[in-house]
Structures are given as structure tokens and as C-alpha cells.
Amino acid sequence: MNERMKELVELLNRYATEYYTSDNPSVSDSEYDRLYRELVELEIAYPEQVLPDSPTHRVGGKILDGFKKYSHQYPLYSLQDAFSREELDAFDARVRKELDDVTYICELKIDGLSISLTYEQGIFAAGATRGDGSVGENITENLKRVKDIPLSLSEKIDITVRGECYMPRDSFNQVNLARQENGEPEFANPRNAAAGTLRQLDTAVVAKRNLATFLYQEASPSTRDSQEKVLNHLEQLGFVVNPRRLLAHSMDEVWEFIQEVGQERDQLPYDIDGVVIKVNDLTGQEQLGFTVKAPKWAVAYKFPAEEKEAKLLSVDWTVGRTGVVTPTANLTPVQLAGTTVSRATLHNVDYIAEKDIRKDDTVIVYKAGDIIPAVLRVVESKRVSEEKLGIPTNCPSCESKLLHFEDEVALRCINPQCPAQIKEGLIHFASRDAMNISGLGPSIVEKLFAANLVKDVADIYRLTVEDFLVLDGIKEKSAQKLYQAIQASKENSAEKLLFGLGIRHVGSKASQLLLQHFHSIESLAQANPEEVASIESLGNVIAQSLQSYFETEGAKILLSELKELGVNLDYKGQVVAVDAALSGLTVVLTGKLERLTRSEAKSKLENLGAKVTGSVSKKTDLVVAGAEAGSKLQKAQELGIEIRDEAWLEGL
């Protein structure tokens with residue numbers, strides 16, 4: 001009976017691919033339904049024989065407890081943005097400085113949610129959100145309900161792919177109509193709707209909302225040598241790949257494509273917010289490499305944002321955790337990119353002067369990067385007052401004199417005891433990307449600070465359950481949870497703590513790289529700037545900032561207190577010994593391995609100190625080749641690169 005079930009699964013998955021991916025069904029809906037009912041009956045009779053890629057998994061009805069964390073084997077980087085032809089030309093100049101012959105592939109930037117899909121022997125095994133690029137959320141069950149994601153591939157391979165999950169405009173309109181009829185608030189835009197749907201705990205809701213995908217990247221090492229071939233291979237495997245793309249040989253061709261797509265944008269059945277331009281050659285991508293946050297071989301051109309007029313009512317000045325005082329405009333409400341906007345950033349005092357923004361002006365508002373509302377310019381023909389905006393001379397939080405340094409555009413409060421800076425620093429310390437203290441959000445921090453229970457981050461670890469109970473609205477159960485979350489955060493790996501300290505220029509990625517190198521915050525505090533600056537993707541700015549921070553008496557006292565309070569200062573991630581067998585070598589895996597999986601081989605190489613990359617170049621030190629190795633092995637032989645086999649790797 002299992003053979004018939006297997007036959008039905010293969011048939012139904014093929015028919016689904018023809019329908020959802022190729023738009024070329026070979027059987028009628030009634031025939032599909034007949035075969036589907038037969039499979040359901042067999043699975044009811046023989047539940048122990050249900051196959052992992054059965055299309056019945058697409059049916060909703062399962063209620064999830066929540067989403068577990070998912071550690072990405074291959075990091076998901078964000079993209080550098082460009083907003084003008086000049087910025088694209090600058091990107092092109094940087095690329096051509098490193099590469100001789102450059103072609104670009106241009107792909108539409110879908111306005112959805114980034115996803116990662118992992119297949120084992122061609123069967124869908126796991127799906128996750130991007131998260132912070134290193135850790136996302138496991139949403140496998142929900143992604144099984146996205147009908148154009150294949151549950152099995154045309155090849156029985158291990159592969160991880162990346163793409164975008166989105167809600168088509170027709171689906172968005174149907175979803176909002178249903179919510180309107182049910183008296184529920186409507187989604188602001190398709191992207192919010194897609195994100196909200198993928199975070200549903202009821203898989204039946206996901207199944208009904210008709211999400212869709214476009215895949216665009218092989219995240220695991222590819223045997224292709226160009227992005228164009230990667231896209232073609234993804235199509236062959238059964239994924240949906242956006243057909244609207246261009247292989248361009250110059251930035252003039254890229255720009256012409258961007259203009260064409262911009263004119264088509266409103267007629268597309270899905271939302272886009274730009275065009276992604278990538279170096280087509282994968283060896284060239286590898287040669288260019290990455291910054292801490294983004295690949296150097298790609299850029300995302302963002303379309304100009306929607307603009308609306310609004311009346312400036314007043315300006316609020318707020319102090320951030322680094323002492324920067326930022327102006328925010330209060331406006332008459334306007335609809336912008338699907339949301340109601342009544343506040344917008346004015347950036348800084350230099351920006352106000354440059355744009356000559358005055359009291360009661362009518363201004364043009366837009367969403368910078370389609371996210372943050374900002375004031376673009378003044379409508380001078382509607383000016384009603386010549387009175388200039390009042391610029392504060394004293395900190396709105398602590399009344400200290402504000403400074404406007406020559407090399408900065410911002411006003412800055414340099415009082416280390418400024419209450420606003422301390423509060424913002426505490427909020428940052430407890431945030432998800434830093435120490436991730438669940439429940440300790442801005443409102444609780446405000447209450448703790450007002451009650452004089454915390455003055456710095458070390459005080460967080462002195463809090464007791466009784467301290468929380470004196471706060472308004474905090475009951476015993478909530479107090480216990482907050483206390484337990486704080487205690488649990490003591491065990492975090494030290495890169496979380498380093499980022500949480502809020503040292504200028506030291507972000508989460510830089511914190512990870514620093515702790516991988518120095519192994520503890522105490523060692524990092526003693527390091528010389530030259531060693532810090534020598535770490536790939538870092539540099540002098542970060543090195544000097546760290547030195548300035550750790551030399552202060554306050555930092556020395558804080559680290560000592562945190563250590564006494566039991567907060568971990570050591571790196572708990574993978575540390576590679578300097579004298580590891582393959583330390584510093586660039587290695588490429590190719591061909592089919594017989595005993596190790598691709599991920600096991602990659603993990604072993606990395607544990608031995610190697611940097612594992614996806615394509616062979618002059619920078620490659622070693623190639624580990626399995627059976628049926630193709631173009632990569634040939635190229636390695638042509639370049640005279642050392643070649644080893646699986647048995648050699650197992651013996652290390």
C-alpha cells in the first residue's frame with residue numbers, strides 16, 4: 001500500500017508544481033481532487049506510512065504552541081541601499097576596481113518577508129524567518145501551507161535556499177475584505193499582511209491567505225558559477241523564480257531596466273520596492289566578499305518613496321542613549337504608504353537649517369527607505385510665518401549645556417549622568433539583540449528608573465522579585481518571570497553583553513567578530529587597537545572607540561561589578577584554535593560525499609579553522625572533492641590548487 005501512497009504523492013506534487021509554479025496544469029481540477037481524496041483515505045487507513053512530502057501537510061488545522069529559534073547555518077545578510085544613479089555609479093566603480101570583467105544581474109526587490117528553506121535529500125525539512133541574520137524563527141509548519149513552496153524537489157539533494165514570501169495584491173484585497181466584514185482591523189499593506197500571516201499559530205489561517213514566494217539564492221555552496229545559472233537551477237528544482245530580470249553589462253543598462261520596472265510597478269500583481277543588482281559571477285562575488293552587515297557585490301536600488309503634504313504643528317526634542325538630541329515633527333495626520341503618519345523625523349539641527357524649516361510650515365513628508373517617516377522639504381508657497389524653529393541650548397532631560405561639535409551634524413548632551421541617556425541605554429541593554437531580557441521593555445525600565453531602582457546596567461542584576469512588586473501593575477507571576485529572565489541572561493555568550501554595553505560604532509555583528517577573536521570581554525578590554533583593527537570587516541574607527549571606552553574608569557568598574565554579579569564575560573560560541581590543522585585556509589567542497597553530509601563536512605572544516613566558500617578562485621587553498629565533482633574540480637586542477645578526498649577529511 002505504501003507504493004500507491006508514494007505514487008500519489010509524486011503525482012500530486014508534480015501537478016501542484018505545474019499549477020502553481022509553471023502555470024501549465026496537465027490535469028483537470030476534478031482529476032487532482034480525485035487523486036487527493038484517494039491519498040487522504042489511504043493516509044487515514046495507514047497513518048504510520050504518511051510521507052514527509054505528502055501534499056496533505058499543506059492543509060491547515062494544526063495549532064502551534066509558538067515558534068522556536070532557528071540558527072541559520074549560512075548567515076542572511078542585509079543589502080546596502082542606493083537611492084540615486086550616482087550611488088549606483090559609485091557601487092559600480094567600487095566593483096570594477098576589484099574585478100576586470102563585470103556583468104550584473106538585476107532582480108525585482110519583492111516587498112515581503114525573507115525566508116530560508118532547507119531540504120534534505122530533496123525533501124522540505126525546515127523553513128525559517130531571517131530574524132537578525134544569524135537566528136530566526138522556525139516557521140516550517142506555516143511555510144508548508146504556502147502552496148508554491150515545493151515539499152519535494154526534482155533532485156534528491158541537500159540544499160538551503162533563500163527567497164521572499166509575499167502576499168499577492170489579489171489575496172491582500174480578499175483578506176482585508178474578510179477582515180472588514182468581521183469587524184477586524186485591516187492590514188496596512190501586503191507586507192504587513194504577509195508577516196502577520198507567517199506568524200500565525202493557527203496553520204489553517206495561513207493556508208487560507210494564499211501567500212506566494214519568489215526564490216533567488218542558493219545559500220549552501222553552489223555548483224553553479226553565476227547567479228543567472230543559480231536562478232535557472234532553482235527553477236529546475238521546482239521553485240518559483242521571478243522571470244522579470246536582466247543580465248546587464250553596464251550601469252546604463254541597469255538604469256534603463258530600473259526605469260522600465262518603475263513604470264510597470266503599479267501594474268504588477270505583487271508589491272516591489274526596488275531592484276537588486278548583483279555581480280553575476282560567483283567567483284567575483286567571493287573575491288569582493290562582505291562587510292559586517294552586507295555583501296560588497298550587491299546593492300538594492302530603492303524606488304523614490306510616496307510623498308504627501310502635512311502641516312507642521314510642533315517639534316519634540318528627545319535624547320538618545322549616545323546623547324544625540326533628535327528633533328521630531330508633530331504633523332497633521334496623513335496617509336502614507338498604507339499607514340497614518342502624524343510624526344516624522346527632522347534628523348538634526350543642520351538639516352533644519354539646510355531645509356529652512358520654520359514655524360507652522362507646510363512640509364512634504366515621505367517614508368525614508370519605505371519605513372521611517374521623514375520631512376523632505378518645505379512647500380514655500382504655503383509659508384505663513386517667518387519665525388524660525390526654536391533650537392534648544394540645554395538638554396531637555398538634564399538641562400546640561402548642549403554641544404554642536406564641528407565634525408557632527410547633531411546636538412549632543414555629554415553629561416554621563418543624563419537620565420534620558422541612562423534610560424535609553426538600559427532599554428538597549430535589555431533588548432532582543434542585546435541581552436534579550438524578556439519582559440524588560442521600555443515601560444518597565446521607565447518605572448524602575450523612576451523608582452530609583454536602577455541607575456546603570458549592573459543594577460539590573462541586583463533587582464529582586466520584591467523590587468518588581470513595588471511597581472504599578474506588576475503582580476507576583478510577572479515579577480517572578482522578570483526576575484527569572486534577568487537571571488537567565490547572565491548565561492548569555494559575551495557578544496550579547498558587548499553589544500548591550502552600547503559602545504559607539506560596535507554593533508551586533510562587530511561584537512560577534514570581536515568575541516570570536518578575543519574569546520572574552522576581559523581580553524578584548526586589554527587588546528591593543530592595532531590587533532582589533534586587523535580583524536576582517538572591522539577597522540580603526542571601531543578599534544579607537546573600544547580603546548576609548550575600556551580606558552574609562554566607569555567601564556572598568558562596570559565590568560568588575562557585572563563579573564561579581566555572575567554575568568558571563570566569556571564567548572560561548574565556536575572558537576577555533578590558532579594552531580588548528582586548517583587555520584586560515586580557504587576551502588571549497590565539491591561533488592557527492594559518501595559518508596559525511598555536506599553540512600557535517602562543512603562543520604568539520606570550520607572546526608579545523610578553515611573558511612568554507614562556494615566557488616573556486618585564486619584565493620582558494622584547498623578543494624575537498626567527492627564523487628562526480630565537476631567544473632569546480634576542473635578549475636582547481638587548472639589553477640594548481642591542492643585537492644583532497646573525503647577519506648582525508650575524515651582522518652583529520
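How many bridges join strand E7 to E8, and do the two run parallel or antiparallel? This is a predicted model, and in it six bridges join E7, residues 159-166, to E8. The two strands run antiparallel. Within this pairing, Arg162 stands opposite Gln217 in E8.

Now widen the view to the sheet. Four strands form it, in the order E5-E4-E7-E8. The sheet is open, and its pairing is antiparallel. Which strands stand at the edges? They are E5 (123-129) and E8 (212-218). Each has a single partner strand, so one side of each is left without a neighbour in the sheet. On average, neighbouring strands are turned by 30° against each other, direction ignored.

Helices come next. Helix H6, residues 190-198, lies across strand E4 (113-120) and E7. H6 runs at about 40° to E4. Helix H8, residues 227-237, also packs on the sheet. H8 touches E7 and E8, and its direction makes about 130° with that of E8.

Turn to the aromatic rings. A pair of aromatic rings is described by the distance of the centres and the angle of the planes. A search of the whole structure finds twelve aromatic pairs. One of them joins Phe91 and Tyr104, with 5.9 Å centre to centre and 40° between the planes. That pair is tilted. Phe91 lies in helix H3 (residues 85-98) and Tyr104 in strand E3 (residues 104-110), so the pair ties together parts that are 13 residues apart in sequence.

Trp255 and Tyr301 form another pair. Their ring centres are 5.5 Å apart and their planes stand at 85°, so the pair is edge-to-face; the cut-off for that class is over 60 degrees. Trp255 sits in helix H9 (residues 251-264) and Tyr301 in strand E11 (residues 298-302), so this contact ties together parts that are 46 residues apart in sequence. Trp255 counts as partly exposed, at 22% relative accessibility. Buried means under 20%. Tyr301 is buried, with a relative accessible area of 5%.

Tyr77, Phe290 and Trp297 form one aromatic cluster. Elsewhere, Arg179 lies over the face of Phe187, at 4.3 Å from the ring centre.

Key. Residues numbered from 1 in each chain as written. Predicted model: local features only at pLDDT ≥ 70, side-chain atom pairs only at ≥ 80, totals over all residues. Heavy atoms only, no water. Pairing = 2+ DSSP bridges. Axes fitted to C-alpha atoms, helices over the stretch in contact; angles between N-to-C directions. Contact = heavy atoms within 4.5 Å. Phe/Tyr/Trp six-rings, centres within 6.5 Å; stacked < 30°, edge-to-face > 60°. Buried < 20%, exposed > 50% of the residue type's maximum accessible area, 1.4 Å probe, protein only. Lys NZ or Arg CZ within 6 Å of the ring centre and 35° of its normal.
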